[in-house]
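Keep the 3D view open as you read.

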Amino acid sequence: MTTAVATQFAPKDFKSELKPIWCPGCGDFGVLQAIYRALAAIGRPPHEIAFISGIGCSSRIPGYTTAYGFNSVHGRALPIAQGLKLARPELLVLAAGGDGDGFSIGGGHVPHAVRRNDDITYIVMDNQTYGLTKGQLSPTSAKGRHTVTSPEGSLENPVNPLLYVLAYGAPFVAQGTPADIPGLSAMIEEAIRFPGFSFVNVQSPCVTYGEEEQQIKAHKAIMKKLDDLGHDPTSRLQALDRAQSYGTELLTGVYFRDPSPPPTLGSLVRERQESLSAKAKPRERILDLFLQK
Amino acid sequence: MIRDLVIGMAGSGGDGIVSAGESLVSACASEGYHAMMTKSFGSQIRGGESSCRVRIATCPVLNPGGALDVAVALNWEDFLKFGAELPVNGDTVVLYEEKTGVAPDAIPLVGVSPAEVFAVPFGDMARKAIGNEKGKNSVVLGLIAGWFGIGRESILAGIRKKFARKGEELVQANERAFQLGVEYAQANPLKTSRLMEEPTRSGTKLLTDGNDICAAAAIFAGCEFFGGYPITPSTEIMQFFTREVWKYGGSVLQAEDEIAGIGAAVGASFGGKKAMTATSGPGMSLKSEIIGLASIAELPLVIVNVQRGGPSTGMPTKPEQADLFQAVFSAHGDVVRPVLAPTCVSDTFDVTVEAFNIAEHYQTPVIILSDQEIAQRKEVIDVIDTSAFTLVERQRPTAAEMNPYVRFRMTPSGISPISHPGMKGGNYLGAGIEHNEHGDPTASGRIHQQMNEKRIRKFDRLKRRDDLFSIEGDAEAPFALVSWGSTAGVCREALSLARAKGLRVKLLIPKLLFPVNEGLYRRFFTGVKAGLVVEQSYLGQLYRVLRMTLDVPSGVTSFCRSGANPFAPAEIVRKLQDHALSLQQREADVRQPVE
């Protein structure tokens, strides 16, 4: 439903005047840049974009854009985004948050957002820690990791966001890193253009509480592009196989893109609305449903 | 001739007790009677006990009534489980299944000898008519038609309609069962005839319950989105939306949990659409955080809590009025949230439309406290003139206010024009985080103070709306009743009974429970010497909220008890008479000379 010419906007048109609260060197700066570029490439004006987030360092991100933003409560970006998209299907709806937001407190919402398949793009800035509360164990923290809540080392296995979301049946799953902003921005643009629920996991380093091997410098050294590995993004099985490397390798790119995307929730809703609209009594006569002759 | 008839029936889940009640109430609507039916179940889906009460009258029915005029026990074990919900007294006609083997003078009703007792072979009659015992409910209907003269043809029409889909054979079988009931009544007349007076025909009626009319009111008010999760006893609201809302270009989301349900509704409201969620106690507990979000983000939202017994799972199928504290005080922070309560099926429509108007005007979540009784009871009500209602839309920014747009602008009213995604120039950041006028996050104590002041000040006008209260009775009366929700209907009847006994009483029914209209209560309590705040909760929550906010006269006390123990009008009158006596005693004491 693009209503504007693709060249009309520059990345800076999506940059707000708010100064990010992030630590210098935070990976989220790169994610923000990539989002500005992707939105400029898409070309929808800022007022037609709604950016919904939860709580956490990364969830501050809507405020740093000129789009309509909603920095809501912890873990609930997806329900709010889905309600908004159903109410205003013409909008471009983005949801974002951290790994705690998406895979701990809000983890129950992800499979349902996936199965409903409305046209929403969900960006998780996965830094394997709770940064805003100062460095506790997060759902994607590696087993054995030492943090303030696991001083003797974590005893738990981490969540694998890619594997989860692929297994939930998402039609579009990708992973990027701010170590490669052009790659990340292209991936986000593609996710937004994809008609249906799209998920982008970004390995976005925490400079303050992250480990050395999780920083941008390390990413540059270890990242491998799926494209270069001969990966077939039309195969969910291959994607599931590649996704198993989460936590040990850094494979970036589109893991899975459904070659024949199923209808979105929004399109099914519109069909139903259109097919039933003729049966509507005028609103002011709705009580006729209860008439007793 | 009688003008008011209260029938209570109980049986096990498969006996069709509720279905018989529905046929009866629908027949009453066709005949032009006023009627109300309440259902009560155990929590089981099948095989548990179920019951219903049907009250039929020639004048409007205000509540399910007190003691039964007719008690029908298809088996005693199930009947007795309902205790106070199906009270029997010396005027009651009791019918019970003969096969229970209990002698009429040995029925297990402690401490009463009912006016008339019949051991009826319901099962045998059904077997004779249908070949199995499934038609017991049709026999019951025949008995009621025969003894009380209620619309035989209308009941038969209802039976035909109900069984039409299942084939002519079953229709005829149930007609035979009904006829056997009628014949039994003719062969065994009541000692005192109790035929119902003919209804005064007053035009077409609506037959519905509190949940359905609530959802219909929402759609009438322009609600285009519902997000929710199934929970007893509110689920029928969501079900109505799933049938109807598409026709109006809206949508409904059955969410994965209560939090997602209200989250989606907040999202739709952020998108500029009128939105609703509905739930019951446990769901309200889960939704609290997002209710707070809607308050700070100043988003209109209507939340229905169909109250049931609590805390925790409590009693899912029983009514209670114990969630007022939660409505007023839950969700953290300094917040004022409007709380409204309907008192019957018909005014659930008014209250729901009002809730949307308040939500939109004040940009706030509004809680409707319905309860299981109102929500699930069927009432025959007069047609509602929808053209008498005004619908309010949220105040959107004008072109001048968009240049530049300041979402949370400090205005004299505290209400700031609100844009929504899609409006060019209205772009802003909504947030659960404290923010300045522009919506930018802040941790400034000064701004936090100003914003709290704005968000609370904006309700000043709402607090002065006297039209959200009804005051009935003798304006100068020294005795006062205050009641809300489904209990208010009992007090309405108590008021007329008390006045008929010469007591000078008035009754205040608030539809707006919070914020408290202090001026109105003060005026109402002026000159009041004694009274009762009547409500179905152990703690007496409205009484306590009032005492927190204003000086309630010391003679006004709380008359309250836990849910599933319904009040009867007569006991409220007795309580008032006690008050009157002790007041006279006190006055006499004052006049005694001091030694």
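Among contacts in chain B between residues at least 6 apart in sequence, 75% join residues at least 24 apart. Two residues count as in contact if their C-beta atoms, placed from the backbone, lie within 7 Å. The model is predicted: local features need pLDDT of at least 70, side-chain atom pairs count only at pLDDT 80 or more, and totals for chains, interfaces and linings use all residues. Residues are numbered from 1 along each chain as its sequence is written, while chains are lettered from A and ligands numbered from 1 in the order in which they are written.

Stay with chain B. It holds 18 helices and 21 strands. These are DSSP runs numbered from the N terminus: helices are H or I with at least four residues, strands are E with at least two. The C-alpha atoms of chain B fill a box of roughly 85 × 85 × 40 Å along the principal axes.

Now divide the chain. An automatic or database domain assignment sets the bounds. For chain B it gives domain 1 (4-187), domain 2 (207-381), domain 3 (395-460) and domain 4 (469-590). The centres of domain 1 and domain 3 of chain B, taken over C-alpha atoms, are 58 Å apart.

Next, the interior. Buried residues make up 55% of the 595 residues in chain B. Buried means 20 or more other C-beta atoms within 10 Å of the residue's own, exposed means 12 or fewer, and partly exposed lies in between; C-beta atoms are placed from the backbone. A nonpolar core is a set of buried Ala, Val, Leu, Ile, Met, Phe, Trp, Tyr and Cys residues joined through C-beta atoms within 7 Å. The largest has 256 residues, of which Val173(A), Ala35(B) and Val302(B) touch the most other members. Helix α12 (residues 345-362) of chain B gives the most to this core, with nine residues.

Finally, look at strand β2 (residues 68-71) of chain A. Tyr68(A) and Phe70(A) point one way, Gly69(A) and Asn71(A) the other, and all are buried. In a regular strand the side chains alternate between the two faces of the sheet. Three bridges join β2(A) to strand β15 (residues 429-431) of chain B, in parallel. Pairing requires at least two DSSP bridges.
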